[in-house]
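Student: I've got a new structure to look at. Can you walk me through it?
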Amino acid sequence: MLFEVWAPRAEERVTLWLEGAERPMERDQGRAGWWIAEAEARDGDRYGFALDGGPLRPDPRSRRQPDGPDAPSAVVDHNTYTWRQEWAGRDLKGAVLYELHVGTFTREGTLDAAADHLADLAGLGITHVELMPLCPFPGVHGWGYDGVDPWAVHEPYGGPVALKRFVDAAHGHGLGVLLDVVHNHLGPSGNHLPAFGPYFTDTHHTPWGSAVNLDAPGSDEVRAFLLGSALAWLRDYRIDGLRLDAVHALADTRALTFLEELSAAVDTLAAGLRRPLFLIAESDRCDPRTTTPRAEGGIGLHAQWNDDFHHALHAALTGESQGYYADFARAPMAALAKTLNHVFFHDGTFSTFRGRTHGRPVDETTTPGYRFLGYAQTHDQIGNRALGDRLSATLAPGLLACAATLVLTSPFTPMLFMGEEWGAGTPWMYFTDHTDPDLAEAVRAGRRREFAEHGWAEEDVPDPQSPSTRERSCLDRAERDREPHTSLLAWHRKLIALRRTLPDLTDPDLASVKVAYDEQGRWMAYRRGDVRVAVNLGKQAAAIPLGDGGRVAAAWGDVEVPDGDGLLRLAPESCVVLAGS
């Protein structure tokens, strides 16, 4: 077996440590900074590298860290797993995504335990499961955004083989699998990359410190490192797509950006594998060029999260106006209407939160709606609240049903956060398991200090290091057998089913969406082809001028379909989907 490592910071020698034996490595004459060695090895054998007589370190390209990020790596032979499913892939167009955190989806917190519930998601009508980050980090439980080994799978979740079993099982249920990957930083503990080479640069600074090196000297190899990792998930684990965390935080001044390079590499791999693969960006730039095809001068990612739709919807549902909700809360129904019509609320408008003009218009005539994800809740929007409270903690069931209707009948690719489908009563809080006591205390104090500035008493902010914080965030599926959870689950299932039976609900034509609303009455109605959707967020009944005709395809609450006067009468906090003209 060939062992190789990019270690330009080794001055004299690199030593391969393999199952207790040491072997000198040689410089690869054809690749600057690379060291190589041949040795017999089997799946599971432990190994690592020592530079210039220094400490043993794990492989930067480690596929497995069975004993944690600071311990030796383990050889992974991908050929030892026998795939059970033939899988042709599943396209993003018409998809319904489901964001899932392995560590809290079940109390066991493993990929195998999560796989036991995939049939429920398939029965709900979900098409793709989006896994939050799986890369190793110190400790057992965490969100995953502090991972330090971009090629490996967190061992407490089950490691590489468990991920393959999960993907295999998902494909058996007809579900695609997406993986959230983090390229903009690595975690603060267990990161050994700087010892090997210039993986980071002080040319740019980010909220996490020195930037990942995408454009300074040595960045060609760093890019190759990240590209290889991304392609490995898609190729070796048969993942169907990647969610790219906070691409706006990637500091990259090169003419050919890393994201363009990644997009091209993924499209090439998809052609070779003969199945659809896609990249979904998290970006706060409100820039349609993120998803504009490369041939048309864009970056060429296949979709992006649309936080503007979320912010408008959240402000309309809750009335919250703090922070970035301020601009949306001034006229939330108008803001929501604008996102349904034009995707971004900030499309060249002034952002009070940022203190500057922000965004760029989307061309609705040429851009398909499915390139933007629409959602009412995500891990960020729940977990970054002081108490990790979901919408279900403060909203009545009728408003939760309205939120589901607006998400699942919007022109965007809808996404649910785990448990949202039944209005889960469990919170989803920020939790960590840092093994470094100083780091643990710094995170704990920082979290409480942050929310104290917004009026929270320190003792009311959950301790992220407490095991109970994670335990309270685990889903309680017994809720599904009680009201209002049972009805909300049935409502989500009904709306998703309508996306399959009413083609207008998956029509990608943004320009065809027609929206009307009443800011004071707190109602909204929109038309997509022959489908009309109406929601009443107010506490008073609403008479909505909708025109005659149509049958009730789905309704939450009392509704009187339009008759001769063309008025739809909708009960408070209720919604309806009408089909046919």
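Tutor: Start with one term. Two strands pair if DSSP finds at least two bridges between them. Keep in mind that this is a predicted model.

Student: OK. How many bridges join β4 and β5 (residues 34-38)?
Tutor: There are 2 bridges, and the pairing is antiparallel.

Student: Which residue stands opposite E26?
Tutor: I36 in β5 does.

Student: What is the strand order in that open sheet?
Tutor: The order is β1-β5-β4, with antiparallel pairing. The sheet has 3 strands.

Student: Which strands stand at the edges, and why?
Tutor: β1 (2-6) and β4 (26-27) do. Each has a single partner strand, so one side of each is left without a neighbour in the sheet.

Student: Now β23. Which strand is joined to β23, and in what sense do they run?
Tutor: Strand β26 (residues 567-570) is joined to β23 by 4 bridges. The two run antiparallel. A542 stands opposite L570 in β26.

Student: Which residues of β23 are on the covered face, and which on the uncovered one?
Tutor: β23 covers residues 542-545. A542 and I544 form the covered face. A543 and P545 form the uncovered one.

Student: Switching to helices. At what angle do α12 and α15 cross?
Tutor: They cross at roughly 20 degrees, and their axes come within 10 Å. α12 spans residues 397-408 and α15 spans residues 485-501. Angles under 35 degrees count as roughly parallel. The two helices are therefore roughly parallel to each other.

Student: Is that crossing left-handed or right-handed?
Tutor: α12 passes α15 in a right-handed crossing. On the α12 side, the contact residues include L400, A404 and L408. On the α15 side, they include L488, W491 and L495.

Student: What about α8 and α12? At what angle do they pack?
Tutor: The angle is about 155 degrees, with the axes 11 Å apart. α8 is residues 307-318. That makes α8 roughly antiparallel to α12. α8 also passes α12 in a right-handed crossing.

Student: Which residues make the contact there?
Tutor: From α8, F309, L313 and L317. From α12, L399, A403, L406 and V407.

Student: Next, the core. How many residues are in the largest nonpolar core?
Tutor: That core has 147 residues. L131, L163, W233, I239 and L242 have the most contacts inside it. In soluble globular proteins, nonpolar side chains tend to be buried together.

Student: What does I239 touch, leaving aside neighbours within four places in sequence?
Tutor: I239 is in contact with L163, V167, V177, L178, L179, W233, L234, R275 and L277. Another core, of 11 residues, lies apart from the largest one. Its members include I280, W305 and M415.

Student: And P160? Where is P160 found?
Tutor: P160 is in helix α4 (residues 159-172). With 6% relative accessibility, P160 counts as buried. Beyond four places away in sequence, P160 touches R63, R64, V76, V153, E155 and Y237.

Student: Last one. Where does H192 lie?
Tutor: H192 lies in the loop between β10 (176-181) and α5 (193-196).

Student: Does H192 count as buried or exposed?
Tutor: Buried, at 16% relative accessibility. Under 20% is the cut-off for buried. Leaving aside neighbours within four places in sequence, H192 is in contact with R57, P58, P69 and D70.

Key: Residues are numbered from 1 along each chain as its sequence is written. This is a predicted model: local features need pLDDT of at least 70, side-chain atom pairs count only at pLDDT 80 or more; totals for chains, interfaces and linings use all residues. Side-chain values use heavy atoms; hydrogens and water are left out. A nonpolar core is a set of buried Ala, Val, Leu, Ile, Met, Phe, Trp, Tyr and Cys residues joined through side-chain atoms within 4.5 Å. Buried means under 20% relative accessible area, exposed over 50%, partly exposed in between (1.4 Å probe, protein chains only). Contact means heavy atoms within 4.5 Å. Axes are lines fitted to C-alpha atoms, for helices over the stretch in contact, and angles run from 0 to 180 degrees between N-to-C directions. Angles under 35 degrees count as roughly parallel, over 145 as roughly antiparallel, 65 to 115 as roughly perpendicular and the rest as oblique. A crossing is left-handed if the near helix is turned anticlockwise from the far one by less than a right angle, and right-handed if clockwise.
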